[in-house]
Structure formats: C-alpha cells, structure tokens
Amino acid sequence: MSMPVTVDRGYVNLLSHLRQATSTLSFETIQAAICHYLVHHPTTQPTPTPLTASVAASPLWHPLMLNTALALDSTFGNAAQLKWTGLAKEKRGLFDGSASGEFARWTRGVLAGTKGGDVLMSLVVSGGLLKGLGELESLKKAQPLAREVEEMVVLAFAEVTGSSSPAQTDLWASEFKKKEADENSRMDLALLLAANYFTYVSTDSLSALKLLLTLLCLEKVQETFQNGSFLHGAPLSVSTSATGIVSLSPESPLWTNVDAVFSSASFSCIGPLCKLLSRIIALLSDTSMRIKRRKDTWDLLFNIANALYSMASRVEKDWRANLFAGVQHEEQIDPKICELTEKMWTILKTQFFSVLMLQQAVLDVIMFLHSPSTSSSRSFSVSPASRLAETILQTLYLLSFVIASFGGVTVGQGNNADNGRGFPELRKTFYVAIDVLSADAHASEVFVRGLIRAVDSNRGRSSHIPLGHPLMIAERAFVLACVEQFVPVLSDVCIEEDVLPLCEPHLGDPSHRETFESAHSVMLSIFAAHAEKGAVSVHNVDVKGKGVDRREGFVGLDLSRRLVPGYIKLLLQNAEEGKLTTPQFRLAYAALVRSASTGRSPRFPTISSSSSYAKRSDWRWGTNEDLSREPSGNQALAWLCVEELTNAIAARCTSKQEANPARDDRNTAERMRLSLALISLVSNVGLALLPRLLQEVQRVIDGQAGVRRRRVLIESVFEEIMERVGDGEKEYVMRWWYTCARNWDVEQEYRDEGAAMTAAVHHV
C-alpha cells in the first residue's frame with residue numbers, strides 16, 4: 001500500500017500565479033512566497049530548481065523592468081542569506097554533511113533552474129545570489145562557490161549584450177522579438193543590473209569584459225544626462241515678474257526634459273554605473289604595461305575626460321543664459337515650479353558627483369601610468385598627464401556654479417572644517433589635478449592665463465550680468481582658488497599682467513566673502529612664493545670642485561618689492577570692522593613683512609612703476625623713494641611695513657578726541673587689531689630690525705590704558721616668543737621680555753615657562 005503524498009497548497013497556489021500574466025496577489029506577497037519556498041521547499045521538490053525555473057519563465061515579469069528585476073534579485077539574495085542562517089543553526093550528527101556543502105548544493109540547484117531559459121532572468125537570479133553571498137561574512141572564504149556564481153553572472157551579461165548587438169542579431173529572429181523602448185531594452189537593462197552586481201565580481205572575472213563595459217558605461221552616463229542638454233530651451237521660457245519672482249511657461253521643454261532625466265531608470269543607477277566605470281579604469285591601468293595597451297589606456301582616459309567636459313560645457317552654456325542662475329533665495333521662485341527646480345538641482349548635483357567620481361579614477365591612474373612613447377620632440381609638447389589634468393580643472397570650472405552651492409572648493413578645510421559644507425572628494429580631485437599640472441610650469445602658466453581670460457570673456461559676453469551675480473562670484477572664486485595654488489610656478493609677467501588685475505576688484509570688497517578672502521589668499525601666496533625664491537641660494541661649482549655662491553641679487557623678488565607699498569595700504573584699509581578678521585589680518589601682515597625682509601639687497605635695485613598694469617592700477621606702487629628710509633634694501637622695505645602699521649595705531653589713538661562714543665569703540669577695536677598684528681611681526685623680522693620693533697611693541701603696550709586689553713597684548717607677546725620666534729633671535733628677545741615683564745609686573749606669573757625657555761636657549 002503506497003503512502004499518501006502531502007501536497008503543500010501554498011506552493012501549488014504560488015506556481016499557479018506564476019503561470020499567469022496577471023495575478024490577484026500583490027507583488028510583495030508573491031515575492032515573500034518565492035523567498036519562503038526557496039528556503040523551505042516542499043517534500044515533493046527536494047531541490048529549488050523547479051521553483052527557480054518557474055520564476056524565471058513566469059509571464060508576470062514581462063516585459064522586465066528595472067525595479068522588478070532589482071526586487072527579484074533581492075528575493076534570491078535574501079533567500080540565500082536565510083538558507084545559510086538556517087543551515088548554520090541546525091544540529092548535525094557525526095555522519096551528516098557540513099552546512100557549507102549543503103548550502104553549495106542548494107546554490108547550484110537554484111542556478112540550475114535558469115539553464116535553458118531567458119539569459120536576462122539568469123542574470124537576475126545569479127546576480128541576486130551573488131549579492132547575498134557577498135553580504136554573508138561567514139562565507140567570505142567560500143571562494144569556489146562564489147567563483148561559480150560570479151562566472152554565471154559574467155556569462156549571462158556577455159550573452160545578453162552579445163545577442164542584443166545589431167551586428168550579431170539574426171534578422172529572422174528579430175522579427176519575432178518585441179522591441180523594448182529606452183532604458184528597458186535588454187542591453188540597457190543588463191548594463192544597469194550589471195552595475196549593481198559587478199561590485200561583488202572579482203577582478204579576474206571582470207577582466208574579460210573591461211573594454212566593453214567601459215564603452216557601455218560611458219555611453220550610458222552621457223545618455224542619462226542627455227549629453228548635458230537637458231536645460232536646453234529653458235532661457236526662452238523662463239521669465240521674471242515685476243516683483244522679481246522667476247516663473248516658467250507651462251509649454252517649456254524644461255518640464256519634459258527634467259522629468260525624463262529624473263524618472264529614468266539609468267538616473268537611479270548612476271551611482272553604481274560610475275563606480276563600475278571607475279573600477280574598470282583602474283583595472284585597465286593595471287594591464288597597461290605593454291606600450292600598445294598603454295596608448296589605448298591613455299586614449300580611453302582622454303575620451304572619458306573629454307566626454308565629461310563636453311557635458312559640463314553644454315550645461316554651463318544653458319545655465320548662463322537662464323534666469324535661474326541669478327536666484328539666490330527660494331522666495332525668488334514661483335511656488336508652482338519649486339518641485340521642478342528641486343529636481344533640476346538634484347540632476348545638476350548628481351551630474352557633478354558623477355563627474356567627480358570619474359575624475360578621481362582618472363587622476364588615480366595618471367599618477368602612476370607612464371606616458372606613451374612619442375617622437376624625439378616630446379620635450380617641447382605638453383605631457384598627456386598635464387593635458388588630462390587641465391581638462392579636469394576646466395570641467396570643474398564649468399561646474400563652478402554647482403560647486404558654489406557647497407560653499408566653494410576651499411570650504412571644509414582649515415578653520416572652516418566644522419561648518420558641514422564641502423566634501424573631501426572635491427578637494428582631493430581639485431588639488432591632485434593642480435599637483436599634476438603644476439609639474440609643468442609652462443603648461444600651468446598657459447592654463448592660468450586661459451582661465452583668467454575665460455572668466456573675463458564671460459564677463460564681457462554676459463555684460464548684462466553684474467559682477468556680484470552668483471554665477472560671476474562662483475566662477476571668480478574658483479579661478480582665484482586655482483591661481484593661488486599655481487602662483488609658485490608662474491612668471492612675474494603672468495602675475496603682474498594677469499593675476500593682479502583679477503585680484504584687485506575683490507581686495508577691498510568684503511560683501512562677497514569668498515572672493516574677498518580668496519583674492520587676499522592669492523596676494524599672500526605671491527609674497528610667500530617670492531619670499532621662498534629669495535631664500536634660495538644658487539650654488540655652482542668651480543673648476544676645483546668647491547661650492548661658489550653665484551647670487552647677484554634677488555631671485556625674482558622685484559615684483560613683490562613693488563607690490564609691498566600698495567598692499568600695505570590695502571591691508572590697513574581692511575583692518576576695519578567687517579573686513580578681514582583679526583587672525584586673517586595678523587597672518588596677512590606677517591606674511592607681507594616676512595616677504596619684504598627676505599634675502600639681501602640687490603646689487604642694482606630696479607624698483608620702478610613702469611609696468612603697463614602699474615600705470616592703470618589704483619595701487620600705490622613702490623619706488624626707490626619709498627625704500628630710501630633708514631637701512632638699505634630689504635630692511636628698508638620691512639621697516640616701511642612696521643612704520644606704516646605704527647602710524648595707523650597712532651592715528652587710532654589721536655582720533656579719540658572726537659566726541660563720538662561709537663567711533664571711539666570702533667577705533668579701540670581697530671587699534672587692538674593693529675596692535676596684535678604688530679606683535680605678530682616679532683617672529684618675522686631679523687636681528688637688524690628686532691630691537692626697534694620691540695621698542696614699538698613696548699610703547700604700544702605701555703600706551704594701552706585698558707587693563708583687559710593690555711593683558712591680552714602681553715599674553716600675545718609671550719605666546720609669540722615661546723612658539724614662533726626662531727633660535728637665532730630668541731636669546732635677545734628673552735632678555736627684552738624679562739626687562740619688560742618686571743615693568744609690567746607679570747614676571748612671577750610667566751617665570752616658570754620663561755625660565756624653561758631660557759634654559760633651552762642656552763643649551764642650544
């Protein structure tokens with residue numbers, strides 16, 4: 001007598017629903033049932049193969065959409081995790097098989113259910129299993145099983161892309177295939193799925209498809225953002241009301257363009273797509289040892305960089321002509337289009353993130369990739385790495401209006417690190433590209449000149465846009481940040497004729513803090529670079545092999561010396577409240593004095609104002625008359641800085657005679673700021689000027705009537721001596737300090753720290 005067979009009605013009901021084109025059950029219910037019966041298959045089905053085959057062949061998923069495919073692969077991934085968890089908890093006897101062995105048989109049973117069916121469904125099933133395996137920490141060592149699954153994923157993807165290729169499609173068979181539109185086509189869907197699955201695929205398995213994947217991913221990224229043309233046509237349909245509210249015509253193509261990009265399947269997968277492409281770029285560089293492959297890699301990198309530049313160029317062109325570019329607050333936008341503008345900015349920022357991710361991958365490669373062999377005249381041409389870095393920086397410049405929404409390229413470092421804006425990936429890409437390009441001084445100067453002329457030409461081309469327009473501010477802030485980094489490799493001619501005219505309009509305009517501070521940073525960079533040049537000794541070797549100092553004067557210091565008088569005037573004007581902060585002012589004035597006192601006096605001074613820029617500038621340029629005071633050469637120029645500062649302090653003291661309390665408070669604050677700047681100079685002058693400077697410091701402190709403010713000045717002097725004064729000047733400064741400390745009645749308070757410092761000086 002045969003035993004009755006128990007039938008699981010839930011399993012039978014699931015199979016019946018899978019055979020229908022539509023189902024009365026919700027997708028989530030079917031998804032949960034599939035996961036349950038994959039893990040706990042009925043006794044009549046000892047393996048998950050039949051159920052997998054039914055799922056893969058079900059008409060419920062046709063035509064297969066991206067969201068459906070991702071939901072199905074998560075079903076198989078969850079089933080894999082649940083199956084392993086259940087097997088790991090089971091108690092096993094002495095002769096029972098291991099949990100890993102049984103799990104491997106289950107996995108192979110699932111994969112067997114996809115054989116002979118649709119390869120796209122095979123990709124979904126194997127990809128879901130691969131994701132499930134990749135997220136199981138206890139199965140990290142199960143390399144043979146993972147390798148089997150990832151090979152199935154790679155083969156399924158290769159078969160889909162191969163069968164979908166027009167060159168390989170059978171003409172008769174194509175008559176019976178339903179054509180799917182846009183991103184839901186088989187190849188597009190396979191690529192989007194692969195972007196999610198190939199994160200878990202090993203490098204060895206991925207190598208066979210690296211070239212195909214590169215071309216497909218780059219093409220899909222361009223297609224996702226419509227090659228940067230999704231803002232096209234907006235300028236003609238955007239208008240501003242009498243109250244300044246920006247509105248959009250209902251017939252504008254911007255509605256359909258933005259919705260098409262935002263709702264596309266590829267837009268939701270742009271992150272995995274760019275990650276996959278970045279990984280392929282790194283993989284190609286690892287296999288580029290042979291010259292031919294190396295050249296192909298460079299060509300590919302240029303194609304990627306140029307494609308990103310092309311997209312950014314189209315977006316920037318349409319944005320410049322768009323009234324949205326002038327919007328600074330949400331109140332300026334018509335409430336009816338707020339949702340559209342949010343989507344538009346989401347697309348712009350997503351494009352920027354995609355560009356940044358791929359640029360990082362390109363820069364990581366060119367840092368270690370040898371240039372391809374060229375002709376014997378390669379020394380006269382720009383290196384491929386420099387050209388790529390230049391293209392990357394130009395692309396970032398075009399997207400500077402997006403960067404400005406994050407606070408600019410320099411935000412998030414230094415004192416601004418805690419404000420929550422900016423992000424390290426942007427700074428890394430920006431500075432690495434500059435490092436690569438700055439290795440070629442000639443290419444760097446050509447790039448800087450071109451960048452400055454581009455921002456000037458944009459100003460002329462958009463004459464209706466004022467200098468304080470958000471777009472202009474964003475562009476100039478980016479250019480100033482770039483120029484600051486390139487100053488050490490720029491010639492004096494470039495600095496004088498291109499850089500200074502760029503900075504001058506912003507040096508006295510604190511209404512836009514980013515350009516204001518960036519312009520002063522460029523000026524400090526100029527002084528710092530020339531100070532470093534002046535400190536360099538150029539030694540040659542004579543016929544006897546002995547070192548000979550060949551210096552005839554300064555190394556490129558003439559320009560910085562001529563800038564000092566004019567910049568003194570600007571800095572003192574910016575000591576007022578609301579302009580440079582006290583730390584910024586102290587840093588700037590100290591850098592100015594340090595640059596002015598660098599090196600020794602030139603044999604033939606050439607201090608003149610014959611430059612064409614000097615003639616048309618409002619600056620007070622230095623002349624020989626300015627440098628004729630007291631000591632000669634650099635000491636005169638450094639003392640000029642000190643003297644102008646002490647005069648400004650004295651002017652704030654005498655102005656208190658006016659019966660104006662508000663002005664008196666402002667003068668007191670400015671005098672305090674100037675006095676702290678004077679103290680900062682103690683560590684930035686040599687022994688020749690130090691005694692006179694210390695006398696001025698003592699006079700300022702003695703003349704300070706306020707007890708609290710005087711206390712701050714004394715503490716600042718002690719801090720400057722202890723932390724910043726060099727060993728050569730410290731002994732003299734300490735003697736001066738002990739004398740003044742007794743007069744100020746603070747000797748006992750600072751005795752221990754001062755004694756330790758004195759002992760250290762004598763030990764040296």
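A salt bridge is a side-chain nitrogen of Lys or Arg within 4 Å of a carboxyl oxygen of Asp or Glu. By that rule, the count here is 24 salt bridges. This is a predicted model, in which local features need pLDDT of at least 70 and side-chain atom pairs count only at pLDDT 80 or more, while totals for chains, interfaces and linings use all residues. Residues are numbered from 1 along each chain as its sequence is written, and side-chain values use heavy atoms, with hydrogens and water left out.

Q: What makes K131 and D73 a salt bridge?
A: Their closest N and O atoms are 3.2 Å apart. The cut-off is 4 Å, so the pair counts. K131 lies in helix 6 (residues 119-134) and D73 in helix 4 (residues 66-89), 58 residues apart. Helices are DSSP runs of H or I with at least four residues, strands are runs of E with at least two, and both are numbered from the N terminus. Both K131 and D73 are buried.

Q: Why is E720 called buried?
A: Buried means under 20% relative accessible area, exposed means over 50%, and partly exposed lies in between (1.4 Å probe, protein chains only). E720 has 3% relative accessibility, so E720 counts as buried. Its side chain meets that of R724 in a salt bridge, at 3.2 Å from N to O.

Q: Why is R724 placed in another class, partly exposed?
A: R724 has 43% relative accessibility.

Q: Why does D334 have no salt bridge?
A: The nearest side chain of opposite charge, K336, is 5.3 Å away. Lys and Arg count as positive, Asp and Glu as negative; His and the chain ends are not counted. Beyond four places in sequence, D334 is in contact (heavy atoms within 4.5 Å) with I245, V246 and S247.

Q: How do you know that the length of helix 9 agrees with its residue count?
A: The expected span is 1.5 Å times one less than the number of residues. For the 12 residues of helix 9 (residues 186-197) that gives 16 Å, and the end C-alpha atoms are 16 Å apart, so the two agree. Of these residues, 10 are buried, including D188. D188 is also linked with K220 and E223 in a network of salt bridges.

Q: What is the average pLDDT of the protein?
A: pLDDT is the predictor's confidence in each residue, from 0 to 100. The average is 82, and 79% of the residues score at least 70. Over residues 164-184 the pLDDT is below 50. Where pLDDT is low, the predicted coordinates should not be read in detail.
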